[in-house]
Amino acid sequence: AVMEGLADEPVLARSLALVGDLLSSGLQVDGVLLTTLLDVFAARGRAVKAAQVFELATGEWGVKPQVATYNAYLKALRAGGLTGQAVEALSEMRSRGLLPDVVTFNTLLDAAGEAGNDALMATVREEMRKAGVPRDAATFNTEIKRCARTKNLRYALEMLEEMQALGVAPTDLTYATLADACGKAGDVGLANRMSEKISPDASTTVRRMA
């Protein structure tokens with residue numbers, strides 16, 4: 001509830017004042033608390049505030065961020081379209097001796113896709129490969145989402161084949177995103193077939209994508 005209150009305040013200074021109250025009451029601001037706060041900022045698309053809090057927390061407050069902290073920070077930056085800062089955060093993360101995981105790379109990949117930066121997506125893919133981090137369904141879903149936006153149906157279908165070859169099971173979101181890609185590319189028949197693969201238990205949000 002405290003975290004919700006922090007993110008709902010319209011002015012960053014007020015939010016930081018509340019954190020100051022927590023500090024003065026003897027509550028230690030640690031990586032868990034910071035991660036929670038960043039998650040709330042990410043949910044509300046307040047990337048600039050997230051960046052300011054992250055800088056203050058890892059500086060003045062002395063919080064030592066962990067991988068989960070950086071992942072929350074990256075999500076906030078992605079939500080606000082601050083792709084360049086997200087790339088810088090990856091470098092900073094590594095400089096601290098922290099190894100990016102699949103969530104880290106998926107978030108960066110999605111940020112690049114949302115920005116329409118295909119070159120950066122290629123770079124993230126290569127970095128992921130070099131790091132030996134296996135791709136999961138979310139990785140492929142992000143790739144297919146970008147294909148839907150660019151109407152690149154051929155590559156979207158290649159992604160489906162590749163994920164299946166690697167033993168990564170397609171999710172309802174995979175099929176919904178593929179249906180969207182097919183529809184935007186003008187292949188209504190294939191779009192319908194992909195939609196039929198979506199589970200009846202899929203969320204309304206996912207089903208609306210198809």
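Which residues do ring pairs link into a cluster? They are Phe54, Tyr70 and Tyr73.

This is a predicted model, where local features need pLDDT of at least 70, side-chain atom pairs count only at pLDDT 80 or more, and totals for chains, interfaces and linings use all residues. Residues are numbered from 1 along each chain as its sequence is written, and side-chain values use heavy atoms, with hydrogens and water left out.

A search of the whole structure finds 2 aromatic pairs. Rings of Phe, Tyr and Trp (its six-membered ring) pair if their centres lie within 6.5 Å; planes under 30 degrees apart count as stacked, over 60 as edge-to-face and the rest as tilted.

| Pair | Centres | Planes | Type |
|---|---|---|---|
| Phe54 and Tyr70 | 5.2 Å | 65 degrees | edge-to-face |
| Phe54 and Tyr73 | 4.0 Å | 5 degrees | stacked |

Where do the partners sit in the chain? Phe54 lies in helix α4 (residues 47–58) and Tyr70 in helix α5 (residues 67–79), so their pair ties together parts 16 residues apart in sequence. Tyr73 is also in helix α5, and its pair with Phe54 links parts 19 residues apart. Helices here (H or I, at least four residues) are DSSP runs, numbered from the N terminus.

Is Phe54 buried or exposed? Phe54 is buried, at 3% relative accessibility. Buried means under 20% relative accessible area, exposed over 50%, partly exposed in between (1.4 Å probe, protein chains only). Tyr70 has a relative accessible area of 0%, so Tyr70 is buried. Tyr73 counts as buried at 7%.

Note on methods:
Helices (H or I, at least four residues) and strands (E, at least two) are DSSP runs, numbered from the N terminus.
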